[in-house]
Each structure stands twice: as C-alpha cells, then as structure tokens.
Amino acid sequence: MAVLPIRISGDPVLHSPALPVEEFDDDLRVLVRDMYETMDAAPGVGLAAPQVGVALRVFTFGWVDEGGRKWRGGAINPELWISPPPAGEPDPEEESEGCLSFPGERFPLRRAERALLRATELDGSSFEIEAEGWLARIFQHEYDHLDGTLYTDRLGDKDQRIVAKIAKKVGWGRPGVSWMPGVDDLEG
C-alpha cells in the first residue's frame with residue numbers, strides 16, 4: 001500500500017469529468033487500496049480518484065456517524081440521486097466543508113439533506129446506500145469530483161473571491177501542484 005500525493009485545485013484532472021471504470025483488475029484494487037491509505041493519512045472522510053491524479057469514476061469514504069456507526073467503502077462508477085437542497089444561506093457552523101484538494105480551508109455550502117448512492121464494489125457486486133446529513137454531504141462532495149467540480153466551484157461570489165485570493169497567494173490554481181499526506185503540513 002502507498003500514500004499518494006493529492007492534487008491541488010488547478011490541476012486539469014480535477015477540473016474534467018472522470019471516465020467510467022471498465023476493467024475490474026489488480027490495478028483497480030491497488031488504486032482503491034492506496035486511496036484508502038491516502039484518505040486515512042490526510043486525514044479525510046472521502047477521496048476521489050481524480051484527487052490522486054487518476055481520471056476514473058471511483059471514490060472512497062470513511063466516517064463514523066453520531067451513533068458510532070462506521071461508514072467505510074469504495075464506490076466505483078457511482079450514480080447519485082439527491083433531494084432538493086434547502087433554500088437559504090448555508091449555516092457556517094453546521095454546513096462548512098473542506099477539501100483535500102483545497103487544503104486547510106473551510107467554507108459554508110448548502111447541500112441536499114438526503115442522497116441515494118448506487119455503485120459497484122471491487123468484486124463487481126452492486127450496492128445502494130440511503131444517506132442523510134453528513135454522509136449525504138460526503139457522497140455529494142466526492143461525486144462532484146468525478147464530474148470535475150470542486151466544492152469551491154459551488155461557492156457564492158464573496159467566497160469565490162476569497163478562494164481566488166488564497167489560491168494566488170499560495171501558488172495554487174495551476175497544473176502539477178500537489179501535497180503529500182504525512183509529509184506536508186497541510187489539512188483539508
């Protein structure tokens with residue numbers, strides 16, 4: 001297993017739709033295993049293949065809910081259905097999220113309260129998860145990565161300007177910038 005470098009906003013792989021997985025082979029198993037290790041080392045609650053430079057429709061997730069239930073898995077070629085997001089402005093305390101591809105920052109973003117994830121596992125079997133709250137948010141965030149969308153792309157104008165200033169100040173927003181969990185002092 002290996003911890004992989006995480007691409008930072010501006011890398012083309014993060015801003016393009018990922019391709020469907022066609023081969024369920026050893027390369028895919030190694031990728032998913034390395035994604036788990038990278039996600040855990042970051043630490044994060046989700047990681048999409050484009051974030052480690054692989055343009056495939058795969059993401060991993062790992063989170064423990066308020067009741068102590070562990071949610072951990074990998075979604076290959078996922079489909080996601082969401083409820084309409086509530087109207088109004090996001091609550092900065094309850095609805096802020098971060099991203100390993102824009103590390104160290106958090107911004108409030110309104111997301112759907114519920115989501116239905118359908119995907120394939122490494123063994124080729126299908127699964128379905130009905131999610132609410134934070135788990136639904138994780139699924140939406142990671143699914144967005146597979147469509148070439150970062151959560152910062154969904155922010156309002158004021159926060160978009162802040163994102164642009166941060167990216168410019170630290171040298172992000174261009175191809176080839178990444179960070180290594182466990183080595184670089186960044187958090188997302």
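Me: Helices (H or I, at least four residues) and strands (E, at least two) are DSSP runs, numbered from the N terminus, and the expected span of a helix is 1.5 Å times one less than its number of residues. How far does helix α3 reach from its first C-alpha to its last?

Reply: Glad you asked: this is a predicted model, in which local features need pLDDT of at least 70 and side-chain atom pairs count only at pLDDT 80 or more, while totals for chains, interfaces and linings use all residues. Residues are numbered from 1 along each chain as its sequence is written, and side-chain values use heavy atoms, leaving out hydrogens and water. Helix α3 covers residues 157–170, 14 residues in total. Close to the expected span, its reach is 20 Å.

Me: Within what arc do the buried residues of α3 fall, seen down its axis?

Reply: Buried means under 20% relative accessible area, exposed over 50% and partly exposed in between (1.4 Å probe, protein chains only). In α3 the buried residues are D159, V163, I166 and A167. They line one face of the helix, because the directions from the axis to their C-beta atoms fall within an arc of 100 degrees.

Me: Which strands stand at the edges of the open sheet?

Reply: The sheet has 5 strands in the order β2-β3-β4-β7-β8, with antiparallel pairing; two strands pair if DSSP finds at least two bridges between them. Two of the strands have a single partner each, so one side of each is left without a neighbour in the sheet. Those edge strands are β2 (46–48) and β8 (126–132).

Me: At about what angle does helix α2 run to β3?

Reply: Axes are lines fitted to C-alpha atoms, for helices over the stretch in contact, and angles run from 0 to 180 degrees between N-to-C directions. Helix α1 (residues 26–41) lies across β2, β3 (58–64) and β4, at about 40 degrees to β3. Helix α2 (residues 133–146) lies across β2, β3, β4, β7 and β8, and its angle to β3 is about 160 degrees.

Me: What is the relative accessible area of T120?

Reply: T120 lies in strand β7. Not counting residues up to four places away in sequence, T120 touches F24, G74, A75, I76, S125, S126 and F127. T120 is buried, with a relative accessible area of 16%.

Terms used. Contact = heavy atoms within 4.5 Å.
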